[in-house]
Amino acid sequence: MLERRQHQRARVYYGGMVAFNARNSTLACVVRNFSRRGAKIEFENSAIIPDRIDFEIQRRGLSCLARLAWRDHNAAGLVFSDVEETSDVIPLEWARKLRATERANRRLQSRLDQLLSEH
């Protein structure tokens with residue numbers, strides 16, 4: 001097979017997370033090889049993943065934008081976006097906490113409106 005990668009990838013076994021749909025949809029994956037420019041990931045079904053995703057490897061402290069270079073039934077190759085493009089990306093865990101806090105705030109505001117309308 002012709003090797004087209006510019007950066008050699010190391011074989012690894014990391015847990016990863018793919019997020020898309022404004023981070024409302026997430027999918028756990030296994031990272032099988034990794035370099036500073038890309039990774040090979042495996043999961044249940046690559047057909048549901050769009051071409052551009054948020055990608056995270058918590059163990060390495062990595063959170064970045066990525067694009068799919070290839071995909072098959074249960075694997076995909078990712079190319080990481082440049083650092084300049086990912087400087088505004090927040091870790092997935094922070095996004096989840098923010099979303100939970102926003103939901104709690106909406107519930108509290110609704111309850112406050114209800115209490116005020118009773119008086």
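**View 1. R32 and its partners in a network of salt bridges**. In this predicted model, R32 has a relative accessible area of 34%, so it counts as partly exposed. R32 pairs with E42 in a salt bridge, where the closest N and O atoms are 3.0 Å apart. The two residues come from distant parts of the chain, with R32 in strand 2 and E42 in strand 3, 10 residues apart. E42 also meets the side chain of K40 in a salt bridge, this time at 3.8 Å from N to O. Together, R32, K40 and E42 are linked in a network. As background, side chains of opposite charge can pair when their charged atoms come close.

**View 2. A buried pair, R23 and D54**. Here the side chains of R23 and D54 form a salt bridge, with 2.9 Å between N and O. R23 sits in the loop between strand 1 and strand 2, while D54 belongs to strand 4, and the pair links parts of the chain 31 residues apart. Are these residues buried or exposed? Both are buried. The structure holds four salt bridges in total.

**View 3. F55 in the largest nonpolar core**. This core has 21 residues, and those touching the most other members are V18, V31, I41, I53 and F55. Strands 1, 2, 3, 4, 5 and 6 each give two or more residues to the core. Which residues does F55 contact, leaving aside its neighbours within four places in sequence? Among them are M17, V18, C29, V31, I41, L78 and F80.

**View 4. The second largest pocket**. About 220 Å³ of space lies in this pocket. Of its 14 lining residues, E56, I57, Q58, R59 and E93 lie nearest the centre. Strand 1, strand 4, strand 5 and helix 2 each supply at least two residues of the lining. By class, the lining has five nonpolar, five polar and four charged residues.

Definitions and conventions:
Residues are numbered from 1 along each chain as its sequence is written. This is a predicted model: local features need pLDDT of at least 70, side-chain atom pairs count only at pLDDT 80 or more; totals for chains, interfaces and linings use all residues. Side-chain values use heavy atoms; hydrogens and water are left out. A nonpolar core is a set of buried Ala, Val, Leu, Ile, Met, Phe, Trp, Tyr and Cys residues joined through side-chain atoms within 4.5 Å. Buried means under 20% relative accessible area, exposed over 50%, partly exposed in between (1.4 Å probe, protein chains only). Helices (H or I, at least four residues) and strands (E, at least two) are DSSP runs, numbered from the N terminus. Contact means heavy atoms within 4.5 Å. On a 1 Å grid over the protein atoms alone, a cavity is a set of points where a 1.4 Å probe fits but cannot get out, and a pocket is an open set with protein on both sides within 12 Å along at least five of seven lines; lining residues have an atom within 4 Å of a point. Grid points are joined across faces, edges and corners, and a volume is the space filled by probe spheres set on the points. Ala, Val, Leu, Ile, Met, Phe, Trp, Tyr, Cys and Pro count as nonpolar, Asp, Glu, Lys and Arg as charged, and the others, Gly among them, as polar.
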